[in-house]
Amino acid sequence: MIAFIIRRLIQAAFVMLAVGAIAFAMFNYVGDPVAIIAGQDLPAEQRVELRKSLGLDDPTPVRFARFVGNAVQGKFGLSYRTTEPVGRMIADRLPATLELSIIAAAMALLVGIPMGVFSGLYPHHWLSRAMMTISLVGISLPTFLIGILLILIFAVILGWLPSFGRGDTVKIGFWTTGLLTVSGWKAIILPAITLGLFQMTLIMRLVRSEMLEVLRTDFIKFARARGLSNRAINFGHALKNTLVPVITITGLQLGSIIAFAIITETVFSWPGVGLLFLQSVIYADIPVMATYLVLIGFLFVLINLIVDILYFVVDPRLRSQAAKVGGAK
Amino acid sequence: MRLPTARVIEFWRAASDSDVFYSFRRSKLVMLSAAITLLFFIAAFGASFLAPHNPFDLASLNLSDAFKPPAWVEGGDPAFLLGTDDQGRDILSTIMYGSRTSLSVGFAAVIFAMVLGIALGLVAGYVGGAVDAFIMRVADVQLSFPAILIAMLIDGVTRGLMGADRHNESALLVLIISIGLSYWVQYARTVRGSVLVEKNKEYVQAARVIGLPAPLIAIRHVLPNVMGPVLVIATINLALAVITEATLSFLGVGLPPTQPSLGTLINVGQQFLFSGEWWITIFPGAALAILVLSVNLLGDWLRDALNPKLR
């Protein structure tokens, strides 16, 4: 178990180093920092001076080490577009994205699992067929189209919900939250549905196929033979055994929810990191892009690590397998 | 020598006898999606002849035609079946031209990803060792990031390297490369897996014994035997590439409004949603959704039909 975690940690460190190297390369080889900071008019000697004082003349390994050191402390330089510190720009906008992502993931789970259980238990019920058809549409429709459709129906035609922004926010320490006001909750509904729909259909299909699989196994037949109630079998035995892959997929999907938030945030003008990233791509604002890459890389690695460990904890078969082959997965 | 027509007839007889064709005829849904996909291809690639108007011929545009609703709505004009946009362009025609752009980018990106993925997969599987480990490590790292993010990063970096003006000129190429680069992993993994199985078979050993060079064995003998799954992935990836292109264009980092794809059309039309001109964005959106759904269904069917395990 411990050997497994250490192995995973080393892998995670390797991935982070690779992501860091890409970010470092972007910082250093795309655009000239001196030209951007000093402008066109600076005399040549002062440029050389500036290069030296910025440490750009040092050998690449030294600069990379310094970059990693600064990154660990959250220092990523200044944005080319707004000349603000990138670290703070991202920290200001992270709460909005995290709140949206978590609400979307929670919705995907709370709606997706019951739908999956139902359509797994009654695969021929008309409601199950309807859910399968809808989920096919949900998987095929691009995220931004779903957002536009929701805006058209609920904001333009019905006028029930706002189509942009976060509504009123409350500041608690460094964290601004929209989840304590009515308008904040109203504003988060449409973006969260847009963001979570794909994950919801994915989870529903996964739970459904796992349920169908598990219900055919011998231990379920055995449980029926023992005379257990349907409820105990369906929820106590069958659902419990479907949850292992669901945990994995949900964890992995949480990472892509944060990335797909770029699209949702654009459709709904949601003031999060994704919108910031998009603006930085359009303006070729390399520091913000590179920092976003590092941040997303870190979140992905962290989530993968947690999921791997969780998987290991939940599924006893893996543990015994790992004992046999010496910790390798 | 047999006549070409005889060979065509023979090919058709063999094809219509095959299992794949049988499973095709059995499913009405698959036939419907094949028909819709075909219709899209004809409408898109024949846009210059079939479209009722040429939306990019500035002389034929008339601003007094702007914001016409679809023909069946009050105030609609039968000449513009699906209505017109803010510049008086016929929506049906822009959809046809837009589909052409979307499908071209999709095909080009899929082919680029396929060639790159196959090449790297062949090298990784056939050479093995450190080369294999390196390629697959890169693939693993890339696979843990969503394709759209990678495509956006590549797009942003090229923008930084080239400057915004030159970037707009070569937007099509940049888009194809960035989508292609973000989808190669799946091909590489599949090809590598199949190569590892194939390379120990007798025909490869025989080829080696008669002294053929390794690249020739890999391309002429191993590659044809691993192409089946690759083509299935390519079909499914076509839908994904079209979605990715549309999403990037919608976000404003794909194709500029001067050479609009379906995504650009949806993006441009979105601003008119609140003033009630819903058709400018909803029709291109519906076209995109129907296209992607039918290609997806075809891909699913092809996967099931070619996979002997599921039969």
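How many helices and how many strands does the secondary structure of chain B come to? The count is 13 helices and zero strands. Keep in mind that this is a predicted model.

So what does chain B look like along its sequence? Reading along, you get the pattern α-α-α-α-α-α-α-α-α-α-α-α-α. Chain B has 311 residues, and 45% of them count as buried. Now take the contacts in chain B between residues at least 6 apart in sequence: 69% of these join residues at least 24 apart.

Next, the meeting of the two chains. On one side are 33 residues of chain B, in contact with 30 residues of chain A.

| Helix of chain B | Residues |
|---|---|
| α7 | 147-162 |
| α11 | 214-251 |
| α12 | 262-270 |
| α13 | 279-306 |

The helix that gives the most to this side is α7(B), with ten residues. By type, the side of chain B that touches chain A divides into 22 nonpolar, nine polar and two charged residues.

Over in chain A, have a look at helix α7 (residues 143-157) and helix α10 (residues 230-267). They pack at an angle of about 30 degrees, with their axes 9 Å apart. Angles under 35 degrees count as roughly parallel, which is why α7(A) is roughly parallel to α10(A). Their crossing is right-handed. From α7(A), the contact uses A:Thr143, A:Phe144, A:Gly147 and A:Ile148, while α10(A) brings A:Phe260, A:Ile263, A:Thr264 and A:Val267. The residues of this contact divide into five nonpolar, three polar and no charged.

Technical notes
Residues numbered from 1 in each chain as written. Chains lettered and ligands numbered in written order. Predicted model: local features only at pLDDT ≥ 70, side-chain atom pairs only at ≥ 80, totals over all residues. Contact = placed C-beta atoms within 7 Å. Helix = DSSP H or I, 4+ residues; strand = E, 2+ residues; numbered from the N terminus. Nonpolar A, V, L, I, M, F, W, Y, C, P; charged D, E, K, R; others polar. Axes fitted to C-alpha atoms, helices over the stretch in contact; angles between N-to-C directions. Parallel < 35°, antiparallel > 145°, perpendicular 65-115°, else oblique. Left-handed = near helix turned anticlockwise from the far one by under 90°. Buried ≥ 20, exposed ≤ 12 C-beta atoms within 10 Å, placed from the backbone.
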